[in-house]
Each structure stands twice: as structure tokens, then as C-alpha cells.
Amino acid sequence: MTKPKNSLVGGELRAPHPANLGRHAAECKICAHPQREEVERDFINWRSPAAITKQYALGNRASVYRHAHALELFSKRQRKYQGRSGKDH
Ligand SMILES: [Zn+2]
């Protein structure tokens, strides 16, 4: 048994819809960005998209939103928020 245990690459951030994702990635600045994980972490931590755009030189805030939609970062972010505040209604 000499199986390498290195098959887990990428960690937690997995693609929900690989098919759509390929098309998205082709024209997404963030997907190709060297600091992509930091961009995503900032977004999930409720950092302002304008600030993220500026810091990582993404050009346009819309790219942040597009990337967030493609990777379902909104629901991730929402989950985090709901964890902090108890209840809404
Ligand atoms: Zn992207």
C-alpha cells in the first residue's frame, strides 16, 4: 500500500456547479487572480465589494458580484451572518 494521501487539494471551497463554473472562469478576473482565496474570504466576511475591488485591483465591482454568484458565496456569507445574530422574525 503505497498510495499518496495528497489527493485533497483545494480544501473547503468546492465548486457547486462545475459546468457553469468553467464558462464563468473563462471571463472572470477573480478566478484567475493569485489572491482569489483572500478575495473570497473578504467577501464572506462582509467586506464591502468596493473595497475588495480596490484592494485586489479587480477593475469593476460587478466582477466581485459575478464571481460571488457563480461560487454561491452569497449563501456562504448568509450562513455566517445567521450564525452571529439569533433570529430575524
Ligand atoms: Zn470567478
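**Helix H4 and its surroundings**

Modeller: In this predicted model, the residue Glu72 comes after H4 and has a positive phi, near 60°.

Biologist: Which residues of helix H4 are buried, and how are they arranged around its axis?

Modeller: Helix H4 spans residues 61-70, and its buried residues are Ser63, Val64, His67 and Ala68. Viewed down the axis of H4, these residues fall within an arc of 135°, so they line one face of the helix. An α-helix has 3.6 residues a turn, so residues three or four places apart point the same way. On the other side of H4, the exposed residues are Ala62 and His69. The arc asked for is therefore 135°.

Biologist: Is Glu27 buried or exposed?

Modeller: Glu27 lies in the loop between helix H1 (18-26) and helix H2 (36-44). Its C-alpha atom is separated by 9.4 Å from that of Ser63, 36 residues apart along the chain. Because Glu27 has 10 C-beta neighbours inside 10 Å, this residue counts as exposed.

Biologist: Over which residues is the pLDDT below 50?

Modeller: The protein chain has a mean pLDDT of 82, and 69% of its residues reach 70 or more. One stretch, with zero contacts in the model beyond near neighbours in sequence, has pLDDT below 50: residues 7-11.

Note on methods
Residues numbered from 1 in each chain as written. Predicted model: local features only at pLDDT ≥ 70, side-chain atom pairs only at ≥ 80, totals over all residues. Buried ≥ 20, exposed ≤ 12 C-beta atoms within 10 Å, placed from the backbone. Helix = DSSP H or I, 4+ residues; strand = E, 2+ residues; numbered from the N terminus. Arc of directions from axis to C-beta. pLDDT = per-residue confidence, 0-100. Contact = placed C-beta atoms within 7 Å.
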